[in-house]
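We will go stop by stop.

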Amino acid sequence: MSLLTDLVNLDLSDNTEKIIAEYIWVGGSGMDMRSKARTLPGPVTDPSKLPKWNYDGSSTGQAPGEDSEVILYPQAIFKDPFRRGNNILVMCDTYTPAGEPIPTNKRHAAAQIFSNPDVVAEVPWYGIEQEYTLLQKDVNWPVGWPIGGFPGPQGPYYCSVGADKSFGRDIVDAHYKACLYAGINISGINGEVMPGQWEFQVGPSVGISAADEVWIARFILERITEIAGVIVSFDPKPIPGDWNGAGAHTNYSTKSMREEGGYEIIKKAIDKLGLRHKEHISAYGEGNERRLTGHHETADINTFKWGVANRGASIRVGRDTEKEGKGYFEDRRPASNMDPYTVTSMIAETTLLWNP
């Protein structure tokens, strides 16, 4: 086994200029991640210099068997924390051979919104709080929980330490460092209210880069849990009953919101979000109705409300933002399995481009 580990960790830079590029894309379910690797003649830092590639879309639920070729367009480059050296991870989106985005390509529509001059001028910042649950591989039950049983009630687990309260920290710390190595703007991690559940935060990142970074952070987490023999779940309510669900709270601000008088801009933006509540909910993740019940720090899925420091609201404004009269707000509605391209671009579209 040590020989295998030695080979996996081989440093290629002493022997060749060639690098390995791992091309990554979102599969047919809209949540599954797919990837494959190719050799390139030398280091690359600009995604536009990378070759396009293709794959069998009939095997990912993204194309029929009789016309199965889907084309990968490289969009963002990150350092590879697994192969290291000059090797890279490449976030791609997906197109037909004719150059049309396929239906599961959510990045293309998001890029159009983020390239709109009215959006560009407002320099939208996002901070995304990605919650997830670690499950024991063969039983699909959270790590640290007795098989077929339950731990003590919620209360001692949030931001906890200790072998009887905190489960999976080695995976979480490995992921944290791997994301920093990759160049992801990961800003923190913490243990969550339900035991076996954790959160990492990405941001503040500008525009579409926030979504690219969340997807790559998810990919890295999937790879680390694969190595550890643990399953990562992004289900918004993995355990029914009196247990917290998993969300992807999305913090948002624009240039106008961050400047003097920004609180009034924030309130107008929240009013717009309220008018399009149903449209946003329909795009904020599958199974979210199991999480947004009005309990466990959520607002009911059919109700839109906002408040200062209110974790039972749809939109929460921080005390500092209210006090300073400028800042950001938090959309607490997105589920943990949301598509960050859809959520970030929809918030920008509603608050900056949509006129009621």
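Helices (H or I, at least four residues) and strands (E, at least two) are DSSP runs, numbered from the N terminus. Residue numbers start from 1 along each chain as its sequence is written. The model is predicted, so local features need pLDDT of at least 70 and side-chain atom pairs pLDDT 80 or more, while totals for chains, interfaces and linings use all residues, and side-chain values use heavy atoms, without hydrogens or water.

**Stop 1: the two domains.** Color 4-104 as domain 1 and 117-353 as domain 2. These bounds come from an automatic or database domain assignment. The two centres, taken over C-alpha atoms, are 27 Å apart.

Now select 19-99. UniProt lists these residues as "domain: GS beta-grasp" in an unreviewed entry. UniProt positions follow the numbering used here, feature names are shortened, and annotations may be inferred rather than shown by experiment. The stretch 19-99 is 48% strand and 0% helix, and its end C-alpha atoms lie 27 Å apart.

**Stop 2: the interface.** Show contacts (heavy atoms within 4.5 Å). Here 17 residues of domain 1 touch 19 residues of domain 2. About 1600 Å² is buried between the domains, 79% of it on carbon and sulfur atoms. Buried area is the accessible area (1.4 Å probe) that two parts lose on being put together, summed over both. Select Met 31, Phe 78 and Phe 82: within domain 1 they lose the most area to domain 2, together 40% of what that side buries. Strands E1 (19-26), E2 (33-40), E4 (69-79) and E5 (88-95) each supply at least two residues of the domain 1 side.

How many salt bridges cross the interface of domain 1 and domain 2? The rule (a side-chain nitrogen of Lys or Arg within 4 Å of a carboxyl oxygen of Asp or Glu) finds 0.

**Stop 3: Thr 225.** Go to helix H5 (208-228), where Thr 225 sits. Thr 225 is buried, at 2% relative accessible area. Buried means under 20%, exposed over 50%, partly exposed in between (1.4 Å probe, protein chains only). Beyond its neighbours within four places in sequence, Thr 225 contacts Leu 134, Ile 171, Val 230 and Val 232.

**Stop 4: backbone details.** Select Pro 204 in strand E9 (197-206).

Next, find Ala 309 in the loop between strand E12 (306-308) and strand E13 (315-317). Ala 309 has a positive phi, near 60°, though not a glycine. Ala 309 is partly exposed, at 38% relative accessibility.
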